[in-house]
Amino acid sequence: METVADWIVEFLEKQRIEFVFGHPGGPVLPIYEALRKNSNVKHVLVRHEGAGSFMAEAYAKLTGKVGVCISTMGPGAANMTIGVATAMSDSTPVMAITGQLPLSVQGRGYQQETDHLSLFRGITKKTFQLKEGQNAFRVFTDAYRTAISGRPGPVHVDIPSDISSFNGDYPEPEVVPKVSFGAAHPDLLKGAASMISESERPLIVAGGGVISSDASSLLAEFSKKFGIPVATSYNGRGAIPEDDDLCIGRIGEYVPAFRLRLAESADLLIALGFRFTDVSMEGWKKANDSKVIQVDIDPSEIGRNVHVDLGLVGDVRKTISELSKLLLAEPGKRREWLSKIKEDREGWLKTYASVRDSSAQPIKPQRLIKELSEFTGRDSIITSGAGRAKMWAASVLPIYKPRSWIHSGGYAVMGYELPAAIACKMVHPQKRVVSVGGDASFQMHCQELATAVENHANIVSVVINDLSLGSIRNSQVRRYGNVLGTEFNLDVDLSKVAEAFGAKGIRVRRAEDIKPSLEEAFRTDKPVVLDVVVDPSETPTFQ
Ligand SMILES: Cc1ncc(C[n+]2csc(CCOP(=O)(O)OP(=O)(O)O)c2C)c(N)n1
Ligand SMILES: [Mg+2]
């Protein structure tokens, strides 16, 4: 005999989930008791359930496993929604568990009673409530399977406290295999192969689907073998190293203009798990006579935002693998197109160099990012959330590997980067993990520095401090010529905030201090906040 809660924790252990991020209240205590007894699934006590849900989301993006967050009923559940919504935007497999009143007293308006299923319905693939002790294990398994199957995404499981503490005999938990899709249909693959062979200037646009289907190394091979360059979305960053000759870089908002002109001159776009969203399409238009092949695991995404000439429904990795069998390697064929890409990129780097190396006071964010990139190198994990600060990281801080750019993606949510970095550091304590965010964003979840200190998650949090909600302030000035509600009057010394939580804080004001401060940060045996006061007039718009 064991409780449903014991079984759930054993089930998570069986799926090799190492961390559960949560903050308890009365109705989830049976689950906490089960977690206490199991030393292989570690509970991470967060200061705010929103941060817990961000950590679960980042854990899933980093590891490809399911991220689990847990809260009490009512206010805890409401706080937890933000990371779940983030997961929904980015197709991240997350399981949000809420405690609930016992079934016998539901519907009587007890303290904190909330309809959790309605609360989570619009931000999950599916919501579940465990209503019977005897079959709870089946429903829970189904919820988990839903999160990882097909196009992954978040699920919510509501657990009344009388169910979590229900005693019974349940089958041993088993590993739940991912129900995945195969490659697209062979006839369509043949069509795609002939479109690619005929194309003179093809361009692969790689989205988050390349990362989540673990297709990155295959993509790099494919691109090289057939001479097809690659551009990415925010979520596709790391699908191919950004310094690869065949990589144009991220396209869409806030990128160097040459990338957009190159995308416009392609005669064939091969979209791989790429959704042609507004942010990826900003600043450029597909040429009228260019063709589009779109591969996606979700049929509803095909043709959703642009006209598609050939849609392939299937797993991206398996589809690339099958497609490469149908194509002839002709590395010399598109020499002109490929050398133009290289030249344009090198040309842009030269023009960008002057501001990147600037020692002006106040600090130019471009200089900060350049210095930072020398410390992050090829093997770090970078997290980021929203605002101008994230644009800098998303535009000019190079990313080289899949699952090393952990970003709030489609939801573009403030407050994400710090909790996300903590989760990543807990998984990879030996790697450098750096969060890059703005001052406003940092102040949304800076309380999690305490969680970082408690868990020895020695992240480096780089705050690009312009004493404002910079990106929104910019839009206000542009549209109305005035500002309201986008400037802070109080200059909070974030380095002192860090110290109060037991982390190290360094405030940086001069360009020449950036490097020594970073050296110190990466040497320190504690989480570090680098509060970098920057020139607020700089925006991440590039020539
Ligand atoms: C939770 C949340 N609230 C509001 C917004 C809207 N928003 C986007 S960027 C931004 C300002 C961010 O300021 P900061 O973090 O300091 O970055 P900056 O733009 O100044 O570099 C705001 C308010 C958001 N994306 N997420
Ligand atoms: Mg700011």
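Residues are numbered from 1 along each chain as its sequence is written, while chains are lettered from A and ligands numbered from 1 in the order in which they are written. Since the model is predicted, local features need pLDDT of at least 70 and side-chain atom pairs count only at pLDDT 80 or more, though totals for chains, interfaces and linings use all residues.

Let's start with the domains, whose bounds come from an automatic or database domain assignment.

| Domain | Residues |
|---|---|
| domain 1 | 2-168 |
| domain 2 | 186-337 |
| domain 3 | 357-533 |

The centres of domain 1 and domain 2, taken over C-alpha atoms, sit 36 Å apart. Six residues from each of these two domains make the contact (C-beta atoms, placed from the backbone, within 7 Å). On the domain 1 side you'll find one nonpolar, three polar and two charged residues (Ala, Val, Leu, Ile, Met, Phe, Trp, Tyr, Cys and Pro count as nonpolar, Asp, Glu, Lys and Arg as charged, and the others, Gly among them, as polar).

Now for the strands. β6 (residues 126-129) and β7 (residues 155-160) pair in the parallel sense over four bridges (pairing takes at least two DSSP bridges). Thr-127 has His-156 in β7 as its bridge partner.

What about ligand 1? Its shell holds 20 residues, and Gly-387, Gly-438, Ala-440, Ser-441 and Gly-470 come nearest (near means a C-beta atom, placed from the backbone, within 6 Å). By class, the shell has nine nonpolar, eight polar and three charged residues. At least two shell residues come from each of α16 (387-396), β17 (433-438), α18 (439-445) and α20 (470-480) (DSSP runs numbered from the N terminus: helices are H or I, at least four residues, and strands E, at least two).
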